[in-house]
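Open the structure in your viewer and keep the selection tool ready.

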Amino acid sequence: MTNFYLIPTIISFVASVLFIIISDRKMLFYNASFFLFVFIGNLGYFFLGNATTVGEAILANKITYITGCLLPLFLIMLVFDACKIMPNKMLRLAMYGLNGTVMVLAMTVGYTDWFYKECHIEKVNGLTILVKEYGPAHNLFLIMLYGYLLTGIALLVSSLIRRKNLIYKNMLLMLCLYIVTVLCYVFGRKVITGVDPVCISYCINDIIFLFVTYNTSLYNLDEALLTSIEKQDYQGFLLFDKKFNFVGCNDVAVQLIPEIGFQPLGRRLDTSENELF
C-alpha cells in the first residue's frame with residue numbers, strides 16, 4: 001500500500017485537467033480553486049504517506065490542512081452561487097477571517113501545542129501515519145467544518161423545496177457531494193484504519209463536481225444565446241435541450257410569463273398551472 005495515496009493524487013490531477021477542458025470562460029474563481037486545492041490536498045496525503053521523519057510528516061500534514069481549511073469555504077461559495085444567493089460583504093469577510101485564523105493555527109503544529117498537543121509517526125501497511133493528540137484550537141477547525149457542512153446542506157435542501165429557477169441536477173449533485181464528505185470524514189475515519197478516507201472523498205467530490213461543471217456550462221444561457229442569436233430586449237426566449245428539459249430563458253420571457261422564473265432548470269416545464277405552456 002506504499003503508493004495508495006498516489007492513485008487519488010493522479011485522479012485529482014486528471015479531474016483538474018478535465019475541468020479546464022469542459023468549463024467555459026465564465027467559471028468562477030472558486031470553481032477552479034476547488035479542483036486545484038483538491039489536487040494539493042491529495043498531494044499532501046501522498047507526501048504524508050511516504051514521510052520518513054516526524055518533521056516531514058508534519059509538513060505534509062500542514063499541506064492537507066491548507067486544503068482542509070480552504071475547500072469548505074470554496075464549496076459554500078459555490079453553493080451560494082448555485083442557489084443564486086449573494087452573501088454580503090461582512091459575511092464574506094467573516095468567513096475569510098475564520099478560515100484564515102484556522103489555517104494559521106494549523107500551521108503552528110510543531111511549534112506550539114495549540115492545534116496538536118503532541119504527535120509522532122507510525123508505519124501501517126507501509127504507509128506513514130501521523131498519530132496526534134488534538135489541542136484546544138483544533139475544536140475551532142471542527143466548528144468551522146461542521147458549520148459549513150450544515151449551512152451548505154440547509155441551503156441546498158431549502159432551494160430544492162422552493163423550486164426556484166435553479167439547475168435542479170446541480171442541487172442534487174452538490175447535496176450528494178456533502179453526503180460523501182460527511183460519510184468519509186465523520187464515519188469513514190471510524191471504520192477505515194491505516195489510510196485517511198478524506199482523500200477518497202476528495203476524488204469522489206472531484207468527479208461529482210465535473211458533472212456540476214458540465215451542467216453549468218450546458219445551462220449557461222448567455223453563452224448559448226450569444227452563439228446563436230443576437231440579444232434583444234423586446235423578444236422572449238425559452239431554451240430547451242434535446243430531451244425537452246428547460247434550460248433557461250431571458251428576462252423578457254420572465255416578464256411575459258412570470259411563472260417561468262420559478263421553474264427549475266434541467267427538468268421539464270410544469271404546464272399544469274399555466275395554459276400558455
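Helices (H or I, at least four residues) and strands (E, at least two) are DSSP runs, numbered from the N terminus. This is a predicted model, in which local features need pLDDT of at least 70 and side-chain atom pairs count only at pLDDT 80 or more, while totals for chains, interfaces and linings use all residues. Residues are numbered from 1 along each chain as its sequence is written, and side-chain values use heavy atoms, with hydrogens and water left out.

**Whole chain.** Colour the protein chain by secondary structure: there are nine helices and four strands. Read from the N terminus, the order of elements is α-α-α-α-β-β-α-α-α-α-β-β-α. Of the 277 residues in the protein chain, 46% are buried (under 20% relative accessible area; exposed is over 50%, partly exposed in between; 1.4 Å probe, protein chains only).

**H3 and H4.** Select residues 54-82, which form helix H3, and 89-106, which form helix H4. At what angle do H3 and H4 pack? The angle is about 165°, and the axes are 9 Å apart (axes are lines fitted to C-alpha atoms, for helices over the stretch in contact, and angles run from 0 to 180 degrees between N-to-C directions). H3 is therefore roughly antiparallel to H4, a term for angles over 145 degrees. Now show side chains: among those of H3 that meet H4 are Tyr 65, Leu 73 and Phe 80, and the H4 side includes Leu 91, Met 95 and Val 102. The residues of this contact are 14 nonpolar, one polar and two charged (Ala, Val, Leu, Ile, Met, Phe, Trp, Tyr, Cys and Pro count as nonpolar, Asp, Glu, Lys and Arg as charged, and the others, Gly among them, as polar).

**The core.** A nonpolar core is a set of buried Ala, Val, Leu, Ile, Met, Phe, Trp, Tyr and Cys residues joined through side-chain atoms within 4.5 Å. The largest one here has 64 residues, and those with the most contacts inside it include Phe 34, Phe 141 and Met 174. H3 gives the most to this core, with 16 residues. Centre on Met 174: beyond its neighbours within four places in sequence, Met 174 is in contact (heavy atoms within 4.5 Å) with residues including Leu 75, Leu 156 and Phe 209.

**Asn 42.** Last, select Asn 42 in helix H2. Is Asn 42 buried or exposed? Asn 42 counts as buried because its relative accessibility is 1%. Leaving aside neighbours within four places in sequence, its contacts include Tyr 5, Ser 12 and Tyr 202.

Methods: Angles under 35 degrees count as roughly parallel, over 145 as roughly antiparallel, 65 to 115 as roughly perpendicular and the rest as oblique.
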